[in-house]
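I opened this notebook to record what I looked up, entry by entry. The entries follow the order of my reading.

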Amino acid sequence: MTHINRRALLSGMGALCLSGTAVLNTSSRAAAQTAAIPMPPVPRLTRAHGLVSVHAVQTTRPQVALTFDDGPHPTHTPVLLDILARYNVKATFYVIGSMVRRYPEILHRIVAEGHEVGNHTWTHPTLSRLGHGGFLREIDRTQEIVWRTVGVLPVTMRPPYGAITGRQSHMLAGERNIPTVMWSVDTSDWRRPGSHVVADRMIRGARPGAVILAHDIHGPTVRAVPQAIEGILARGMELTTMSELLGWQHWGPRGLRYVRQGAADNWRG
Ligand SMILES: [Zn+2]
């Protein structure tokens, strides 16, 4: 089923988004290397690019980014999307490429509803233990599946476990124009402290420029979100996407994205 979906997407999206660019021939290693990845690089469209790594954004605007790692999850992510829609709040999803392959329809929904998608690797490894080639394969494969599935590219990467070397972050920024996004508020929701504690940590951490880390693979986290949103809004803060927080226009609150049709000129040069 996944295979059929991918093929259908490849033929459909190829015409729509790649506008004549050759689709990767995976049958030949040499071809794969010369054709590289059948998608545009993340363009340097804003002065903010050149950023290597960020934990929080320096800003006086009352904005915070809610970020959810490790999905898409077949049941928890859709429930979370329902909640975010109810409050008209946008979030950023750091997705695992292999999960995107399993649940492409959920990624479609994430993007259709105006949320941002970030790269959280293909297999969720400890990147700091990987060599140059293995590291880039984790990133590139995930860029590629997101691109093939929804026709847009992640512009930031979050390393699993926060494990990345300074050298790797510089390499990723230099070779792929993708900054590493860590976090400034850790809900530690994976320790399962309960919804109330998770919500409380999100609310307490919500100050201008904060990046809040949570995971949309845990039911209690998702159940914490209504209380968290209400508490954060009550503090006079807005919830926004990671790109918007950074002042970029790639994934804005109104869904402005640079890699839709007609943006081909931005891919080159
Ligand atoms: Zn993770």
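I began with strand 3 and strand 4 (residues 116–119), which run parallel and are joined by four bridges; strands pair if DSSP finds at least two bridges between them. Helices (H or I, at least four residues) and strands (E, at least two) are DSSP runs, numbered from the N terminus. I found Val-95 opposite Asn-119 in strand 4.

I noted that the model is predicted, that local features need pLDDT of at least 70 and side-chain atom pairs pLDDT 80 or more, while totals for chains, interfaces and linings use all residues. Residues are numbered from 1 along each chain as its sequence is written, and side-chain values use heavy atoms, without hydrogens and water.

I then turned to the other partner of strand 3: strand 2 runs parallel to strand 3, with three bridges between them. Here Thr-67 stands opposite Thr-92. The chain passes from strand 2 through helix 3 to strand 3 in a right-handed β-α-β crossover (with the strands pointing away from the viewer, the path from the first strand over the helix to the second runs clockwise).

Which way do the side chains of strand 3 point? I saw Thr-92 and Tyr-94 point one way and Phe-93 and Val-95 the other, all of them buried (under 20% relative accessible area, with a 1.4 Å probe and protein chains only; exposed is over 50%, partly exposed in between). In a regular strand the side chains alternate between the two faces of the sheet.

Last, I looked up helix 9 and found a kink of about 35° at Val-225, shortly before Pro-226; the bend is the angle between axes fitted to the seven residues ending there and the seven starting there.
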